[in-house]
Amino acid sequence: MRLINPFRNNVTIKGKFSGNPLKVEVADLNGMIRLVTTVTPDAGMESISFDAAKLGKGVYIIRV
């Protein structure tokens, strides 16, 4: 079985967010952090997005 990224340029995470800045970390399955970014959603937003165009094909774990 071959797993690939279901995204190309942006990742969108759905949920209820306050207006506080959120630190987003993306790690590969070996635990290596591949991307760290900060997203500041508007209060009451139901999703956040961040640029992931530089990530290669693979399976990732996202921590917010």
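## Strand pairing

Two strands are taken to pair if DSSP finds at least two bridges between them. In this predicted model, strand β2, spanning residues 22-28, pairs with β3 in the antiparallel sense, and six bridges join the two. Within this pairing, leucine 22 stands opposite valine 39 of β3.

Both strands belong to an open, three-stranded sheet with antiparallel pairing and the order β3-β2-β5. Its edges are formed by β3 (33-39) and β5 (60-63), each of which pairs on one side only. On average, neighbouring strands of the sheet are turned by 15 degrees against each other, direction ignored.

## Aspartate 28

Strand β2 includes aspartate 28. This residue counts as buried because its relative accessibility is 11%, and the cut-off for burial is under 20%.

The side chain of aspartate 28 makes a polar contact with the side chain of arginine 34 at 2.8 Å. When residues up to four places away in sequence are not counted, aspartate 28 touches Arg34, Val59, Tyr60 and Ile61.

## Nonpolar core

Eleven residues make up the largest nonpolar core: Val11, Ile13, Phe17, Leu22, Val24, Val26, Val39, Ile48, Phe50, Ala52 and Leu55. Two or more of these residues are given by each of β1 (10-14), β2 and β4 (47-51). Strand β2 supplies the largest share, three residues.

Phenylalanine 50 is one of the core residues. Leaving aside neighbours within four places in sequence, phenylalanine 50 is in contact with Asn9, Asn10, Val11, Ile13, Val24, Val26, Leu35, Thr37, Val39 and Ile62.

Conventions. Residues numbered from 1 in each chain as written. Predicted model: local features only at pLDDT ≥ 70, side-chain atom pairs only at ≥ 80, totals over all residues. Heavy atoms only, no water. Helix = DSSP H or I, 4+ residues; strand = E, 2+ residues; numbered from the N terminus. Axes fitted to C-alpha atoms, helices over the stretch in contact; angles between N-to-C directions. Buried < 20%, exposed > 50% of the residue type's maximum accessible area, 1.4 Å probe, protein only. Polar contact = N/O pair within 3.5 Å; in protein donor to acceptor, adjacent residues only side chain to side chain. Contact = heavy atoms within 4.5 Å. Core = buried A, V, L, I, M, F, W, Y, C linked by side-chain atoms within 4.5 Å.
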